[in-house]
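Here are my notes for a first look through this one. Have the sequence and the model open as you read.

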Amino acid sequence: MGFLNKVQIKTPEQIEKMRKAGLVVGETLEVLRAAARPGVTLLELDAIAEDSIRSRGGVPSFKGYHGFPGSICASVDEVVVHGIPGARVLAEGDIISIDCGAIVEGWHGDAAITVAMGSVPEKVSELMRVTEESMWHGIAAARLGGRVTDISHAIETYVDSQGDYGILEDFSGHGIGTEMHMEPSVFNYGKPGKGAKLQRGIALAVEPMLTLGGPEVTTLEDDWTVVTDDGSWAAHFEHTFALTSDGVWVLTALDGGEEMLGKLGVPWGGH
């Protein structure tokens, strides 16, 4: 493992360990996708998440992180990210972003999904679709020898092609490895060809956050919960990936990202 311009570069063996953490996160998010339904509280989801992570040999990386009380971030409707799991009951028509992280053998995985509670308006389902697909377009833009902002530019370009959405500017994806948040930042907008070099052994978490309104947000008095200033709803998706000598390996996707990257014509770097 080495550091180049403060970016942690992993060996193939270390990426294998990150895959273990990524699978704990990916499997836990599938458990939570099934558990998230009207009538369930955010605290109940948090307990399910912690049990899932620990039963798979992981440690919840969010719990206690700078004092955060939950094992997941649970962000409903106009809450974009960092929602604290509490007594709120999910209702029909809500959407919830569930962000989850786990540590296995000292290595981190980090991913997020947004789930609809039953039927939602078409503009909301479109928001979710565009957010998720922009994430995949960003990941697909990662190439050996490229630059971090190639990812940023691909996300922004895809979002702009799909409609009028707010792209959060104050929050970004990030490097990940022996810590959850590392250099470099991976913003969801920007010009290509800038930032850290994309090389074998780099691992990044890509996480577009889009709103139905403007990009302006406020952090509430709890110092965590981020809400849209205009009250518009938001969606959030995230995956952790690594670049290998063969291509892109999405460490938090159960299939390693093989299906989606194949659809986008990108070499898959997993196994």
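How many disulfides does a search of the whole structure find? The points below start there; keep in mind that this is a predicted model.

1. **Cysteines.** The search comes back with zero disulfides. Take C73: the closest cysteine sulfur to its own is in C100, 9.5 Å away, and that is too far for a bond. For a pair to count, the sulfur atoms would have to lie within 2.5 Å. C73 is buried, at 6% relative accessibility, and C100 is buried too, with a relative accessible area of 0%.

2. **A charged residue inside.** Have a look at E238, in the loop between β15 (234-236) and β16 (239-244). E238 is buried but has no salt bridge. The nearest side chain of opposite charge belongs to R33, and that is 13 Å away, whereas a salt bridge needs the charged atoms within 4 Å. Leaving aside residues up to four places away in sequence, E238 touches D99, D110, A111, A112, M135, H174, A205, V206 and E207.

3. **Helix α2, length.** This helix covers residues 42-55, which makes 14 residues.

4. Which residues of α2 are buried? They are L42, L45, D46, A49, E50, S52 and I53. These cover an arc of only 165° around the axis, so they sit on the same side of α2. D51 and S55, on the other side, are exposed. The buried residues pack against α1 (12-35) as well as the strands β3 (59-60), β4 (72-76) and β6 (95-104). After α2 comes G57, with a positive phi near 90°.

5. **Positive phi without glycine.** Two residues are worth a click here. H66 is not a glycine, yet its phi is positive, about 50°; you'll find H66 in the loop between β3 and β4. E105, also a residue other than glycine, has a positive phi near 55° and is in the loop between β6 and β7 (107-116). Buried or exposed? H66 is exposed, with a relative accessible area of 66%, and E105 counts as exposed at 52%.

6. **A cis peptide bond.** Going from E183 to P184, the peptide bond is cis, with omega near 0°. P184 is part of strand β10, residues 182-186.

Terms used:
Residues numbered from 1 in each chain as written. Predicted model: local features only at pLDDT ≥ 70, side-chain atom pairs only at ≥ 80, totals over all residues. Heavy atoms only, no water. Helix = DSSP H or I, 4+ residues; strand = E, 2+ residues; numbered from the N terminus. Buried < 20%, exposed > 50% of the residue type's maximum accessible area, 1.4 Å probe, protein only. Lys, Arg positive; Asp, Glu negative; His and termini not counted. Contact = heavy atoms within 4.5 Å. Expected span 1.5 Å × (residues − 1). Arc of directions from axis to C-beta.
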